[in-house]
Amino acid sequence: MTRIVLTRHGHVDWIAPERFRGRAELPLSDLGKRQALAVARRIAETWQPDAIYTSPLSRCVDTGAAIARATGAPVQALEGLADTDYGQWQGLTHEEVRQRWPEEHRTWLEAPDLAAIPDGESLADVLARGTKVLREVLHRHAGKTLVLVGHDSINRVLLLQALGLPLSRYWRLKQEPCCLNEIVVEDTVCTLHRLNESGHLAGV
């Protein structure tokens, strides 16, 4: 049995009002730093991870570093856990995108699995690299507990994959900053034990 504790980075600017963050380097806000400490404490109290893997973007690297300090587990960045490449949409609000690319934006909201982001990734692209990450870490840490620190988008895709659900269900899942998800893998069967849990952030 292999256990994956999946979390999202702490709060950053561009979450509210929301912008397409993508590959932009956004540091953790003061709130995000407190959230990272809170999720690190919760993970250290609940699990004994053997390894931590993060997106290479600093907001995930810094969240992963807090978890590493609390648990003593080694931490490594993996390109496959990076946020979706939003191409020409990066840094724009939803309203700005809607005005410039009305049809593409409508498809993103109504049928995200079919959306074509100008110069960006499709959800199928994100799924391909996310699945590769899962294969690698499950092979490397079979029977162990590991932590993955990703982004709203990559986390949704990984959870859909674990549940055997299509990418069209992308908007049916929520991922708050520094939430906790827990996936248990036995042979080739994934079972979701926690989803978007955030009680550890109360009062942060």
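Which element gives the most to the lining of the second largest pocket? That would be α5, with four residues.

## Ground rules

This is a predicted model, where local features need pLDDT of at least 70, side-chain atom pairs count only at pLDDT 80 or more, and totals for chains, interfaces and linings use all residues. Residues are numbered from 1 along each chain as its sequence is written, and side-chain values use heavy atoms, with hydrogens and water left out.

Element names follow DSSP runs numbered from the N terminus: helices are H or I with at least four residues, strands are E with at least two. Buried means under 20% relative accessible area, exposed means over 50%, and partly exposed is in between (1.4 Å probe, protein chains only).

## The two pockets

A quick word on pockets: on a 1 Å grid over the protein atoms alone, a pocket is an open set of points where a 1.4 Å probe fits, with protein on both sides within 12 Å along at least five of seven lines, and lining residues have an atom within 4 Å of a point. Grid points are joined across faces, edges and corners, and a volume is the space filled by probe spheres set on the points.

The largest pocket comes out at about 310 Å³. It has 20 lining residues, and Arg8, Glu18, Arg21, Asp152 and Arg156 lie nearest its centre. Helix α6 (residues 152–163) supplies the largest share of that lining, three residues. By type, the lining of the largest pocket splits into nine charged, seven nonpolar and four polar residues.

The second largest pocket holds about 180 Å³. It is lined by 13 residues, with Leu134, Leu138, Gln161, Ala162 and Cys190 closest to its centre. Two or more lining residues come from each of β1 (2–8), α5, α6 and β5 (180–186). Here the lining divides into 10 nonpolar, two polar and one charged.

Helix α5 covers residues 123–140. Its 18 residues reach 26 Å from first C-alpha to last, close to the 26 Å expected at 1.5 Å a residue; the expected span is 1.5 Å times one less than the number of residues. Its buried residues are Leu123, Val126, Arg129, Gly130, Thr131, Val133, Leu134 and Val137. They pack against β1, β2 (51–54), α4 (102–110), β4 (145–150) and α6, where contact means heavy atoms within 4.5 Å. Arg135, also in α5, counts as exposed because its relative accessibility is 54%. Arg135 and Asp83 sit 52 residues apart in sequence and 18 Å apart in space, C-alpha to C-alpha.

Helix α6 has 12 residues and reaches 17 Å between its end C-alphas, close to the 16 Å expected. It is mostly covered, with 10 of its 12 residues buried. Among them are Asp152 and Arg156, both of which also turn up nearest the centre of the largest pocket. Ala162 is another buried residue of α6, and it is one of those closest to the centre of the second largest pocket. The buried part of α6 packs against β1, α5, β4, β5 and β6 (189–197). Just after α6, Gly164 takes a positive phi of about 70°.

What joins Ala16 and Pro17? A cis peptide bond, with omega about -5°. Trp14 has a positive phi of about 85° although it is not a glycine, and it counts as partly exposed at 27% relative accessibility.

Asp187, in the loop between β5 and β6, is a non-glycine with a positive phi of about 55°. Asp187 is exposed, at 79% relative accessibility.

## Cysteines

Notes: Ala, Val, Leu, Ile, Met, Phe, Trp, Tyr, Cys and Pro count as nonpolar, Asp, Glu, Lys and Arg as charged, and the others, Gly among them, as polar.
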